[in-house]
Amino acid sequence: MGTVNGDSAAGLVVSFGEMLIDFVPTVSGVSLAEAPGFMKAPGGAPANVAIAVARLGGRCAFVGKLGDDEFGRMLAAILRENGVDDSGVTFDAGARTALAFVTLRADGEREFMFYRNPSADMLLTEAELNLDLIRKAAVFHYGSLSLITEPCRSAHLKAMEVAKEAGALLSYDPNLRLPLWPSAAEARKQILSIWDQADIIKVSDVELEFLTGQESVEDEVAMQLRRPTLKLLLVTLGEKGCKYYTEDFHGIVESFAVNQIDTTGAGDAFVGALLRRIVQDQSVLQDERRLRELLRFANACGAITTTKKGAIPALPNASAAMQFLESA
């Protein structure tokens, strides 16, 4: 089993959920049917976040389930190669690793077709959780896909509870993938069912509109998602940057103009950068000047990730991020 590397003084980020293989067309701007061929690219938002943290020099572990197949073994190896602790990864002999066929539109945005019926990540049970690892988390990060079906849903809720009891900050990026939910109403209900437990929540502008039912990203709409227990709410606006809301202040941090090729993983790079810095010093959440600096760094990591194809190959290391910020 791989173990944690990176800055040992900083706390451990544990990321929970799905890791899968994206099949990305070799040509942009065509439908799945028209694509002449596909490249396999490791993906899954929580796994991308784990690798993003590690690539920036942080300590990170991933908790989830893969198929006991060539793809699953390949994904576990990719975690290890990228310095992510995989001691929380289990393998299912009876189910396959999830696959997603991704359409890259001409503008770099994506559409998905999933093969999960059921895939190994959906079959993670409470008994398979590495609770010792989860208890070591300074930050415990998760999405919402793991809430869709049992037994993974119960495992997700248990992991959150154990992390919270052990004193971790809980970080939530719902990562809405509507085709995977039975209905839009169920997606909204389940995504919001764990809202109040989180300390940090990041949503995209599209997710904000979906969750509030209002076609607006104005502050009064975003404030509907604020909770007294929430230390930081972030709304990402793509190339327009991100909005931030805390108990005491709110504002917007502009992003960077880049030549966008593929937006896959940009949000995960942003979250990874955010968690990498917060785990070093949580007091940044109370200091607006330092929080704005941190969000500028996170925006830079997101922007860099859109300039290359694929999520994991495009995630920046700390020196690339700092160089980009200096030149910007």
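Two strands are taken to pair if DSSP finds at least two bridges between them, and helices (H or I, at least four residues) and strands (E, at least two) are DSSP runs numbered from the N terminus. The model shown in these views is predicted, so that local features need pLDDT of at least 70 and side-chain atom pairs count only at pLDDT 80 or more, whereas totals for chains, interfaces and linings use all residues. Residues are numbered from 1 along each chain as its sequence is written, and side-chain values use heavy atoms, with hydrogens and water left out.

**View 1. The hairpin of strands E12 and E13.** A hairpin of 4 residues joins E12 to E13. Strand E12 (residues 242-245) pairs with E13 in the antiparallel sense over 4 bridges, and His-250 in E13 is the bridge partner of Tyr-245. In a regular strand the side chains alternate between the two faces of the sheet.

View 2. A nonpolar core is a set of buried Ala, Val, Leu, Ile, Met, Phe, Trp, Tyr and Cys residues joined through side-chain atoms within 4.5 Å. The largest one has 58 residues, and Leu-274 and Leu-295 are those with the most contacts inside it. Helix H9 (residues 288-305) gives the most to this core, with 9 residues. Leaving out residues up to four places away in sequence, Leu-295 is in contact (heavy atoms within 4.5 Å) with Leu-234, Cys-242, Tyr-244, Val-253, Phe-270 and Leu-274. Another core, of 45 residues, lies apart from the largest one and has Val-63, Ile-134, Leu-145 and Ala-198 among its members.

**View 3. Helix H1 and its covering.** Of the 11 residues of H1, 10 are buried, including Asn-48, Val-49 and Ile-51. The elements that cover the buried residues of H1 include strand E1 (12-16), strand E3 (38-43), strand E4 (59-67), helix H2 (70-81), strand E8 (137-142) and H8. After H1 comes Gly-57, which has a positive phi, near 95 degrees.

**View 4. The surroundings of His-141.** His-141 lies in strand E8 and counts as buried because its relative accessible area is 3%. The side chain of His-141 makes a polar contact with the side chain of Ser-171 at 2.7 Å, where a polar contact is a pair of N or O atoms within 3.5 Å; within protein, one must be able to donate a hydrogen and the other to accept it, and residues adjacent in sequence count only if both atoms are side-chain atoms. With residues up to four places away in sequence not counted, His-141 also touches Val-14, Phe-16, Val-49 and Asp-173, among others. The C-alpha atoms of His-141 and Asp-173 are separated by 7.8 Å, although the two residues are 32 apart along the chain.

**View 5. Asp-121 in a loop.** Asp-121 lies in the loop between strand E7 (110-115) and helix H3 (131-135), and counts as buried because its relative accessibility is 5%. A polar contact of 2.5 Å links the side chains of Asp-121 and Arg-116. Beyond its neighbours within four places in sequence, Asp-121 is in contact with Glu-18, Lys-65, Ala-98, Arg-116 and Cys-152.

Technical notes:
Buried < 20%, exposed > 50% of the residue type's maximum accessible area, 1.4 Å probe, protein only.
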